[in-house]
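Me: I am new to this structure. Please walk me through the terms used for it and how each one is decided.

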Amino acid sequence: MEKAGLVRRERDESDRRKVFIAIVPEALAKIVRLYEPLQRAVTRDWEGYTDAELKLLLRFMIQGYNTCLA
């Protein structure tokens, strides 16, 4: 993705061992187009879930995200 010009690597200023992947702003529209089929498929799947199931999935994703940040 970096070679294609879609993202770039950015080092963490406080810890040079960390490298973040940042979207190149000019490439955002191209990236959105790449993910549109996946987004449509996921949205179609989620339409069949109950509110309780969606809340559980959201909780799972938030906890996973927070664990990554710890």
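Predicted model: local features only at pLDDT ≥ 70, side-chain atom pairs only at ≥ 80, totals over all residues.

Me: What makes up the secondary structure of the chain?

Reply: Two helices and two strands. Helices (H or I, at least four residues) and strands (E, at least two) are DSSP runs, numbered from the N terminus. Read from the N terminus, the order is β-β-α-α.

Me: How does the radius of gyration of the chain stand against that of a compact globule of 70 residues?

Reply: The chain has 16 Å, while a compact globule of 70 residues would have a value near 11 Å. The radius is taken over C-alpha atoms, and the globule rule is 2.2 Å times the number of residues to the power 0.38. Along the principal axes, the C-alpha atoms fill a box of roughly 45 × 30 × 15 Å.

Me: Why is Ile21 called exposed?

Reply: Its relative accessible area is 59%. Exposed means over 50%, buried means under 20%, and partly exposed lies in between (1.4 Å probe, protein chains only). So Ile21 counts as exposed. Ile21 belongs to strand S2, residues 19–23.

Me: Which residues does Ile21 touch, not counting residues up to four places away in sequence?

Reply: Val7, Arg8 and Arg9. Contact means heavy atoms within 4.5 Å. From Ile21 to Arg9 there are 12 residues in sequence and 4.8 Å in space, C-alpha to C-alpha.

Me: Why is Lys30 counted as partly exposed?

Reply: Lys30 has 44% relative accessibility, so it counts as partly exposed. Lys30 sits in helix H1. Its C-alpha atom is 8.0 Å from that of Leu6, 24 residues apart along the chain.

Me: What makes Ala41 partly exposed?

Reply: A relative accessible area of 24%, so Ala41 is partly exposed. Ala41 is placed in helix H1, residues 28–46. Ala41 and Met61 lie 20 residues apart in sequence, with 18 Å between their C-alpha atoms.

Me: How do you know that Trp46 is partly exposed?

Reply: Its relative accessibility is 40%, so Trp46 counts as partly exposed. Trp46 is also in helix H1. Setting aside residues up to four places away in sequence, Trp46 touches Leu54, Leu57 and Met61. The C-alpha atoms of Trp46 and Ala4 are 31 Å apart, with the two residues 42 apart along the chain.

Me: Which residues make up the largest nonpolar core?

Reply: Leu6, Val7, Val24, Ala27 and Ile31, five residues in all. A nonpolar core is a set of buried Ala, Val, Leu, Ile, Met, Phe, Trp, Tyr and Cys residues joined through side-chain atoms within 4.5 Å. Beyond its neighbours within four places in sequence, Leu6 has contacts that include Val24, Ala27 and Ile31.

Me: How much of the chain is buried?

Reply: Buried residues are 11% of the 70 residues.

Me: What share of contacts between residues at least 6 apart in sequence joins residues at least 24 apart?

Reply: That share is 8%.

Definitions and conventions
Residues numbered from 1 in each chain as written. Heavy atoms only, no water.
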